[in-house]
Amino acid sequence: MYALEVKNLSKNFNGIKAVDNASFTVPEGSVFGLIGRNGAGKTTTIRMMMNIYVPDTGEVILRGTKIGQEFKDKVGYLPEERGLYKKMKVMDTLLFLAELKGKTGKEVERNALNYLKRFDIAERKNSKLEDLSKGNQQKIQFIAAILHDPEFLIFDEPFSGLDPINTDLLKDIILEKKEEGKVIIFSTHLMDFAEKLSDHIAMIDHGKIILEGSLSEIKSHFAQKNVTLEAEGDLSFLDHASFVEKVENFGNTVGIKVKEPSQTQDLLRLLVQNNVKVNKFASNEISLHEIFVTLAGKDSNDVK
Amino acid sequence: MMLSRRTISIIKRELKVRLFSRTFIIMTLLIPLFMFGIMGLQTFLIHYSDVENAFLIVAAESQETLNNVQAELSKAPKNQDGNIEFMFEVLNKKKVEVRLNNVRDQIIEEKITGLIFIPEQALKDKKVEYFSKNPNNNLLLNRVKQPINKALTDIYFVGKKFSKDELEFARNNVDFSGFRISADKEIKEEGIGNTILSFLFTFLLYMSLLFTGQMTMTAVIEEKSSKIVEVLLSSVSSRELMIGKIVGTAITGLVQMAIWISPLIVLISTTWFVLPAEFTLKLSMWHLAFFLLNYFIALITFLGLFATVGSIFDSPQDAQSGVWPIMMLIMIPFFIAIGMQANPENQIARIASFVPFASLIVMPARITLVDIPWLQLVLSIVINITVMILIFILAGKIYRVGILITGKKPKWSEVVKWFKYNY
């Protein structure tokens, strides 16, 4: 069962295709990563999913029906560019944003206070936002996104600009919400986070979805022909080996792609023959970063 | 117009921030103070920047004329403050030229303000010459004109056997008393009360539209630059956000206006206060109701425009370059309404009271000055509501695109393209 289906979304700005016929599905209960470099079309896609932008073509289906205004009530949204009313007080802000989602009353106030306590800022509940540190403002923004207990969490580049404490805090929130069975969708250009957190992904490049599916399936699909190697010695002979399709140097590790899955054993034999000291030879393992570079090409400098 | 639950939440926040705030109390007090301040300043400038330490040489060709003029000038009530010093001399045309040559330097240095020469011919044609560095000083001339005129008239009529009363009659100006003919059948003498009132209405409209407009614009820019707007849009649509903001601010403005005109309501509905006859107001509750309704429409219309300009720009500085066409839409009708007080039925005012935007400012001033058939009032309201709705549709299209675009200042050609965007 899919919680959310994105079907053939396209969006043009002044003739430039920001999103080009993007389709993917988000299963129930999943943590879904939308991955791509800066400017690939992640924010535009998310804004269309949020019904902030109207797509030129395509639609977003929520459990069988097209999304509309009521979808917004079910979502907690953390935009890439964060901001709150500077002159408004912390508690007022939280209650106002919850009210917009249709939640009012003592219960919301109690929950808000609990979150504030948990995030260690309860004593600032009557401070103006502008008097809070940047880190504390980020905490308020998290609380605002989850206070109304949404079924969906949509986070756009959630880890950018976070200090380490808040990064951990946000990871905890994501995992906790996953435990509760909520659907979490986040976009990132940080492959490492995506790999650790998500169970389903879609990769977007130049507005097009270039890969989509469950992370474990994708990895095993790509890994069959891939070897991750940590070794000492000259590896230049690999360029001439007939069964090697591609060698990718990542610094500490080298990713090698062979032409057929069975040839990984030939590769190991060849390394030994050439007196290379092998510290780690992992077949059937590939990082999301390697997959991205394989698919999107080398000009992927801003992807980590 | 259906207001959704979300729009109402936005309105509630706007009211909390705007209506129940210190700024509201301050502005409610400050705007009338400012208005009366300006009116006071104007009066002050007219009355007190009066003639100061003028030194005039008054010359006449004959001693008799000179004596009469001297008597009248020193008798005139306006000259009792001693601000003008006179020196009287009998000079003929030739001697005047010589005298002028002698005192030229002093006139240029303003030690002598000027020389008034009354030739004998003036007894027939009343033509008097004035030589000065600043010969167009009306304030000064107005003080001496009447006494000189009186002196010349008296000499002219001497021996013509008119009684003093007859002379008094001849000298007096016609005194018009205005009576307003209206549908009420009863003819009432018209004081200057309504003229003052129309000035007040116009000024209040003008000031508060500009103030609230600028305030709304700044608030939109702030939402945009502080990036809260995207958080809001994850809960509400841009239309709901815009309507909420504008309606919230408009309600605040309406409450403010009601506070300002509440003394008038007390005045016309009770007998607690009695105005002097010349200030008597011809004003009904209908006038005030029309005024408030019209103001509410004006607020929604203009706030829509101000909010749109705010949504286009990232900073208040940039927005100033976009806001002047809207300022013109408020200022030009303001000048028409003020100018109309000389003649409320002039053609420009009549037309302007049905022209979109101008109608909102000119019509309230007109209804205080002349009786407008109710059909015309309804027409103006219909026109204004239609324009308000059109503005909302157009402004909404720009607003929803503008609030999400940050970065460089957009060109107007780009803004026009936003109309076609399918956001």
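Which residue of S4(A) is the bridge partner of A:Ser10? In the predicted model described here, that partner is A:Thr57.

The largest nonpolar core comprises 162 residues. The residues with the most contacts inside this core are A:Leu4, A:Leu94, A:Ile140, A:Phe159 and B:Phe302. Among the contributing elements, helix H11 (residues 285-312) of chain B gives the most, with 15 residues. In soluble globular proteins, nonpolar side chains tend to be buried together.

The surroundings of A:Leu94 illustrate the packing in the largest core. When residues up to four places away in sequence are not counted, A:Leu94 touches A:Ala112, A:Leu116, A:Ile140, A:Ile143, A:Ala144 and A:Leu147. One of these, A:Ile140, is itself listed among the residues with the most contacts inside the core.

A:Glu99 is situated in helix H3 (residues 90-100) of chain A. Its relative accessibility is 16%, and A:Glu99 therefore counts as buried, the cut-off being under 20%. With residues up to four places away in sequence left out, the contacts of A:Glu99 are A:Thr104 in chain A, and B:Arg5, B:Ser9 and B:Lys12 in chain B. B:Ala71 is located in helix H3 (residues 63-75) of chain B. B:Ala71 has a relative accessible area of 37% and is therefore partly exposed, since this class lies between the limits of 20% and 50%. Although B:Ala71 and B:Ala151 are 80 residues apart in sequence, their C-alpha atoms are 8.2 Å apart in space.

The largest pocket has a volume of about 1100 Å³. Of its 34 lining residues, the closest to the centre are A:Lys87, B:Val17, B:Arg18, B:Ser21 and B:Thr23. At least two residues of this lining are supplied by each of four helices of chain B, namely H1 (5-18), H2 (22-48), H8 (193-225) and H10 (238-269). The largest share comes from H8(B), with 9 residues. By residue class, the lining of the largest pocket divides into 11 nonpolar, 10 polar and 13 charged residues.

For the second largest pocket, the computed volume is about 860 Å³. This pocket is lined by 36 residues, and those nearest its centre are A:Phe13, A:Arg47, A:Tyr53, B:Leu404 and B:Ile405. The elements that give two or more residues to the lining are strand S2 (16-27) and helix H1 (42-49) of chain A, together with helix H9 (228-233) and helix H16 (412-418) of chain B. H1(A) gives the most to this lining, with 4 residues. The lining of the second largest pocket consists of 14 nonpolar, 9 polar and 13 charged residues.

Key
Residues are numbered from 1 along each chain as its sequence is written. Chains are lettered from A and ligands numbered from 1 in the order in which they are written. This is a predicted model: local features need pLDDT of at least 70, side-chain atom pairs count only at pLDDT 80 or more; totals for chains, interfaces and linings use all residues. Side-chain values use heavy atoms; hydrogens and water are left out. A nonpolar core is a set of buried Ala, Val, Leu, Ile, Met, Phe, Trp, Tyr and Cys residues joined through side-chain atoms within 4.5 Å. Buried means under 20% relative accessible area, exposed over 50%, partly exposed in between (1.4 Å probe, protein chains only). Contact means heavy atoms within 4.5 Å. On a 1 Å grid over the protein atoms alone, a cavity is a set of points where a 1.4 Å probe fits but cannot get out, and a pocket is an open set with protein on both sides within 12 Å along at least five of seven lines; lining residues have an atom within 4 Å of a point. Grid points are joined across faces, edges and corners, and a volume is the space filled by probe spheres set on the points. Ala, Val, Leu, Ile, Met, Phe, Trp, Tyr, Cys and Pro count as nonpolar, Asp, Glu, Lys and Arg as charged, and the others, Gly among them, as polar. Two strands pair if DSSP finds at least two bridges between them.
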